[in-house]
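Keep the viewer open as you read.

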Amino acid sequence: AAPLRSAVAVKARKWRQCFLTHLQAQVKVALRKLRSFIQRIRGGVSQPATDYNSMISVMEFLSEYTRGVEEKDRLFEPLTSTVSLLKRYDVPLEAETLVELVTIPTEWRDLKKLCAEVNEALSGMQASEISKIYAQEKELLAKAEQFRARKFRALAPLGWVDTVAAIHQQLAALKRLHLQVQFFE
């Protein structure tokens, strides 16, 4: 029975070590990904939004932040629990990892504040762009109505085949405008 007990104990120690090593790696990877996300978003939203293209670029980073904020918020508690578990079993963690566990939540809160400030700062430019898009949409709808009233009715029912391409162009332009409005909202 002693050799069997000894073999089982060796296997259990190996599996324990394998599991603890996996948890250490998981903590490191999660912190590295979070730091990378914070740095990428901070760099993106810190760009000056002076024209339409730069505003769109900043808005894309804000959108990426918004998509990831809930997931990142839920990440801190499991990381803390995992680190507590590792400490309980006397598994050493690198000093850098322990420092990041303290600094990253602060950086995350700072990033949240920065994104809120940038979003507020962009709201005026966004409103301006939305009004421009609505004006273009109104103009396009007026052209479509004018086309329908003058040309389409005059050529109907048999002469309308040549004007289908023009209708499709106007509909495509209208769809693009709606997509732009959705991006700004």
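Where is D90 found? D90 sits in the loop between α2 and α3, with helices here being DSSP runs of H or I, at least four residues, numbered from the N terminus. Its phi is near 55°, a positive value in a residue other than glycine. Most residues other than glycine have a negative phi. D90 also counts as exposed, because its relative accessibility is 68%; the cut-offs are under 20% relative accessible area for buried, over 50% for exposed and partly exposed in between, with a 1.4 Å probe and protein chains only.

Before going further, some housekeeping: this is a predicted model, where local features need pLDDT of at least 70 and side-chain atom pairs count only at pLDDT 80 or more, while totals for chains, interfaces and linings use all residues. Residues are numbered from 1 along each chain as its sequence is written, and side-chain values use heavy atoms, with hydrogens and water left out.

Now for the helix pair. Two packed helices are described by the angle between their axes and the distance between the axes. Helix α1 (residues 2-45) packs against helix α2 (residues 52-88) at about 155°, and their axes are 9 Å apart; the axes are lines fitted to C-alpha atoms over the stretch in contact, and angles run from 0 to 180 degrees between N-to-C directions. That angle is why α1 is roughly antiparallel to α2, a label for angles over 145 degrees. The residues of this contact divide into 19 nonpolar, four polar and three charged.

What about the core? The largest nonpolar core has 29 residues, and I41 and W108 touch the most other members. Such a core is a set of buried Ala, Val, Leu, Ile, Met, Phe, Trp, Tyr and Cys residues joined through side-chain atoms within 4.5 Å. Helices α1, α2 and α3 (95-155) are the elements that give two or more residues to this core, and the largest share, 11 residues, comes from α2. Not counting residues up to four places away in sequence, W108 touches L34, F37, I38, Y65, V69, K72, D73 and F76, where contact means heavy atoms within 4.5 Å. Apart from this core lies another, of six residues, including I133, A173, L177 and V181.

Finally, look at R35, in helix α1. R35 counts as buried because its relative accessibility is 18%. Leaving aside neighbours within four places in sequence, R35 is in contact with E100, T103, I104 and E107. R35 and E100 are 65 residues apart in sequence, yet 8.7 Å apart in space, C-alpha to C-alpha.

Methods:
Angles under 35 degrees count as roughly parallel, over 145 as roughly antiparallel, 65 to 115 as roughly perpendicular and the rest as oblique. Ala, Val, Leu, Ile, Met, Phe, Trp, Tyr, Cys and Pro count as nonpolar, Asp, Glu, Lys and Arg as charged, and the others, Gly among them, as polar.
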